[in-house]
Structure formats: C-alpha cells, structure tokens
Amino acid sequence: MKNIKLVASDLDRTLLNQVSEVGEYTQDILNKIMDKDILFVPCSARTFKFIPSWILNNIKIKYIVTSNGSVIYNNHTHEQILVHAISVENSIKLLEDIEKINPYWTIDAKGELFVSRKIIEDHSSINISDEFYKEICTNRVIVDDFHDVFETSTDVARKIHFITKDDEAKSILIDALKKFNFIYVTSSHPINIEITDPLATKGNALKYIMDKEKISKSDAVAFGDNDNDIEMLRNVEYGIAVANATDNLKQVATKIIGHHSEEALAKFLESNLL
C-alpha cells in the first residue's frame, strides 16, 4: 500500500469503538496519518449533528460525508458542499404508500431527525434496545404525522429510515420499495432500511471528493462494516471490511481485518501507512 493519499471510513461499528467513540489509540493513529498529508474522510449514515465531537473539532479533517452520502460538509466552515436529497413531493408519495406496511419511519430533514411516535409506542415489539430507545427519546423530534415535517418545498429529505422488526418484515419492505424509481435503498444495521436519492451513496460522495482532490482510485483505501459501505469500497483500490461486517460487504472487500471493538482499523493503518 504505497502512495496512499486518502483514507475513508464508516463510523459506527467500523472506526468507532464499542461505546461509539473514537478511541484514544485510533485518534493518535489518525492524527499521525493526517500529519503525513493523507486525507482522512469520515463517511457515515449519521447526520452532521450526531458526528462525534473529536471529528467535528479536528481541523485536520477537511470533509465529512453524512446521511449515507446525501451531504458532503466542509468541516472547517461546516458548510454543505454537495447535497442530494429526495424532493418533498416524492418523500410524501413514498411515505403515504409505505406507512401502510411499516409505520416506523425516521426522516432526516432540516438538520434534525424526525421520528414517528409509533416507534415510541411499539418500541418493545419491534426489538429496539433500551439504549437506542433512550437515544430516540433524547435526541430525536417525535411527530405524529410525517406531513408536519414537510412544511415548505425546501424541506427535502436527505434520508428516510425504517425500522424492521425481523428479516421477514425487512424483505417485505424492500419488495414494496421496488416500485419507486427515485430512490436508492440500502441498510446500515440488521433491523433497518435506509432510503436516499439515487445519487446519494457513500461511493458517489467519495468519488466527488477524490475528483476534487485529484486522487486516483489506486491511491485510496476505505473501511466499512455494512451494506451501505459497498459502493464506497468498490470506488477505491483497497476496500477493507472489519470482522464484524455483513457477508455482502465481505464479498466485495479486498481484505478483512479484526473487529471494530479492538480498534482494528487503527492497527491496520499503523502497520501499513506509518
């Protein structure tokens, strides 16, 4: 792995440790590779608001990809460089249809996460952990009607997320979504489905940054753990999956390393780039 100029990584269950933080060892290794003028690009399903503070406050980090590639931020100014979102009209069309099948939606819009009250009411029956339930109650905006989210034509959805209680429910939802030609469907967790604009993938966002920085595919490495990382790994020469990754991601990875809880990503970078 010579002449690497860019390192991209998913956050949850890839870069972050078991308590969803950037570990001290990982912080040290990332700072060292950035000191060598290697661009580090966090690529997450999270919204900008929920990116770890160590990343947001690190002036060495130039770009952050959020909402599965829907938005690229300049981390120095916190300005949006590129946005791919689902229109208000299409968001409403989709939700009016799919809510009949699955009412457990979350909408990423206006810088907030709007959550259906049905998730709160039925959290036990849809297998939401106590920790996630507390996070929803603390950090989300709970609404009764998704129409209330889309007050103006500019209130576009960067991402629409559904919780599915089991594999069968997930399969039914995926089939129901096939009728819509204006979305891209992926997943970042065994119980969820995530919907974005077709151009909003981590892979496309990373390609935009690489083109902007004049970095070739052969000079880039990316790390991930889930299906929403597949396009990102395909867009670089070295696509690496952590041990806890999905089988789908492992199939496209060029290498599989250790578990995210062991800071395997940082260990790999130290061994290969420092």
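This is a predicted model: local features need pLDDT of at least 70, side-chain atom pairs count only at pLDDT 80 or more; totals for chains, interfaces and linings use all residues.
The largest share of the lining of the largest pocket, 5 residues, comes from H6. Residues are numbered from 1 along each chain as its sequence is written, and side-chain values use heavy atoms, with hydrogens and water left out.

Back to the pocket. Its volume is about 1,000 Å³. Of the 36 residues in its lining, Asp12, Arg13, Phe132, Glu135 and His189 are the closest to the centre. At least two lining residues come from each of helix H1 (11-15), E6, helix H6 (130-139), E9 and E11. A pocket, on a 1 Å grid over the protein atoms alone, is an open set of points with protein on both sides within 12 Å along at least five of seven lines; a cavity is a set where a 1.4 Å probe fits but cannot get out, and lining residues have an atom within 4 Å of a point. Grid points are joined across faces, edges and corners, and a volume is the space filled by probe spheres set on those points.

Glu135, one of the residues closest to the pocket centre, also has a salt-bridge partner: its side chain meets that of Arg140 at 3.2 Å, N to O. A salt bridge is counted when a side-chain nitrogen of Lys or Arg is within 4 Å of a carboxyl oxygen of Asp or Glu. Arg140 is buried at 15% relative accessible area, whereas Glu135 is partly exposed at 32%. Buried means under 20% relative accessible area, exposed means over 50%, and partly exposed is in between, using a 1.4 Å probe and protein chains only.

There are 19 salt bridges in the structure. One of them joins Asp35 and Lys60, whose closest N and O atoms are 3.0 Å apart. Asp35 sits in helix H2 (residues 24-35) and Lys60 in the loop between helix H3 (53-56) and strand E3 (63-66), so this pair ties together parts 25 residues apart in sequence. Asp35 is exposed, at 51%, while Lys60 is partly exposed, at 36%. Another salt bridge pairs Lys110 with Asp155, at 3.9 Å from N to O. This one links distant parts of the chain, 45 residues apart: Lys110 is in the loop between strand E6 (105-109) and strand E7 (112-116), and Asp155 is in the loop between strand E8 (141-143) and strand E9 (159-163). Here Lys110 is partly exposed at 38%, but Asp155 is buried at 8%. Elsewhere, Asp10, Lys202 and Asp229 are joined in a network of salt bridges.

Thr186 belongs to strand E10 (residues 184-186) and is buried, at 8% relative accessibility. Its side chain reaches the backbone nitrogen of Asn228 at 3.3 Å. Setting aside neighbours within four places in sequence, Thr186 is in contact (heavy atoms within 4.5 Å) with Asn68, Ile193, Glu194, Asp227 and Asn228. Thr201 lies in the loop between E11 and H8 and is likewise buried, at 7%. Not counting residues up to four places away in sequence, Thr201 touches Asn68, Gly69, Tyr184 and Glu231.

Next comes helix H4 (residues 88-98), whose buried residues are Val88, Ser91, Ile92, Leu94, Leu95 and Ile98. Seen down the helix axis, these fall within an arc of 165 degrees, so they line one face of H4. That arc is taken from the directions from the helix axis to the C-beta atoms. The buried residues of H4 pack against E6, E9, helix H7 (167-177) and strand E11 (192-196).

Finally, Ser216 is found in the loop between helix H8 (202-213) and strand E12 (220-224), and is partly exposed at 34%. Its side chain makes a polar contact with that of Ser218 at 3.0 Å. A polar contact is a pair of N or O atoms within 3.5 Å; within protein, one must be able to donate a hydrogen and the other to accept it, and residues adjacent in sequence count only if both atoms are side-chain atoms. Ser216 and Leu16 are 200 residues apart along the chain, with 27 Å between their C-alpha atoms.

Terms used. Helices (H or I, at least four residues) and strands (E, at least two) are DSSP runs, numbered from the N terminus.
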